Amino acid sequence: MVAYWVARSKVNDPEQYKKYADLAPAIIGKFGGTFLARGGKFKILEGPEKFHRLVVIEFPSLERAVACHDSPEYQAAAAYRKKDGAGELEVAIVESV
């Protein structure tokens, strides 16, 4: 069953965050992930307006999505966005219905 990685992010340091953003797509692709939405126009209907970027990625399964997130490659890339608060991220993974 496919699963969706849904992330809300806020970029505080675009130069540092770009190091993460340049690496992440190839890593996500390695785990079968496909970007369905990445940035672009959006509207928050409820909840805090802290985050300025939304990302939705489809994976073949919940297990593949979690494996991607937990992989050494992804964690190494994520270190760039975490460094000195370059970016803030909320991530959830949910199976389709």
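This is a predicted model: local features need pLDDT of at least 70, side-chain atom pairs count only at pLDDT 80 or more; totals for chains, interfaces and linings use all residues.
Biologist: OK. How many helices and strands are in the protein chain?

Modeller: Three helices and four strands. Starting at the N terminus, the order is β-α-β-β-α-α-β. The radius of gyration is 13 Å, close to the 13 Å from the globule rule for 97 residues, so the chain is as compact as a globular protein of that length.

Biologist: And what does the C-alpha trace span along its principal axes?

Modeller: About 35 × 35 × 15 Å.

Biologist: Now the strands. How do S1 and S3 run, parallel or antiparallel?

Modeller: Antiparallel, with seven bridges joining them. One of the pairs there puts Ala3 opposite Phe59 in S3.

Biologist: What about S1 and S4, how many bridges do they have?

Modeller: Nine, and those two strands also run antiparallel.

Biologist: Where does S2 come in, which strand does it pair with?

Modeller: S2 pairs with S3, in the antiparallel sense, over four bridges. Look for Ala37, which stands opposite Val56 in S3.

Biologist: Where does H1 bend?

Modeller: At Ala24, by about 30°. There's a proline within the four residues that follow, namely Pro25.

Biologist: Which residues of H1 are buried?

Modeller: Gln16, Tyr17, Tyr20, Ala24, Ile27 and Ile28. So Ala24, where the helix bends, is on the buried list because its relative accessible area is under 20%.

Biologist: What covers them?

Modeller: The cover includes strands S1 (3-11), S2 (34-38), S3 (53-59) and S4 (87-95), along with helices H2 (62-70) and H3 (72-82).

Biologist: What happens just after H1?

Modeller: Gly32 takes a positive phi there, about 85°. Gly32 belongs to the loop between H1 and S2, and at 30% relative accessibility it counts as partly exposed.

Biologist: What is Gly32 in contact with, leaving aside its neighbours within four places?

Modeller: Glu58, Phe59, Pro60 and Arg64. Lys50 is another story: it is 18 residues from Gly32 along the chain, and their C-alpha atoms are separated by 30 Å.

Biologist: Which residue other than glycine has a positive phi?

Modeller: Asp84 has one, near 55°. As background, most residues other than glycine have a negative phi. Asp84 is in the loop between H3 and S4, and it counts as exposed at 73% relative accessibility.

Biologist: Another loop, then. Is Ser61 buried or exposed?

Modeller: Buried, with a relative accessible area of 14%. Ser61 lies in the loop between S3 and H2. Beyond residues up to four places away in sequence, it touches Met1, Val2 and Ala3.

Biologist: Back to the whole chain. What share of the residues is buried?

Modeller: Buried residues make up 29% of the 97. The accessible surface comes to about 6000 Å², and 56% of that belongs to carbon and sulfur atoms.

Biologist: Last one: among contacts between residues at least 6 apart, what percentage join residues at least 24 apart?

Modeller: That's 77%.

Note on methods: Residues are numbered from 1 along each chain as its sequence is written. Side-chain values use heavy atoms; hydrogens and water are left out. The bend at a residue is the angle between axes fitted to the seven residues ending there and the seven starting there. Buried means under 20% relative accessible area, exposed over 50%, partly exposed in between (1.4 Å probe, protein chains only). Contact means heavy atoms within 4.5 Å. The radius of gyration is taken over C-alpha atoms; the globule rule is 2.2 Å times the number of residues to the power 0.38. Accessible areas come from the Shrake-Rupley method with a 1.4 Å probe; for residues, only the protein chains shown count as cover. Two strands pair if DSSP finds at least two bridges between them.
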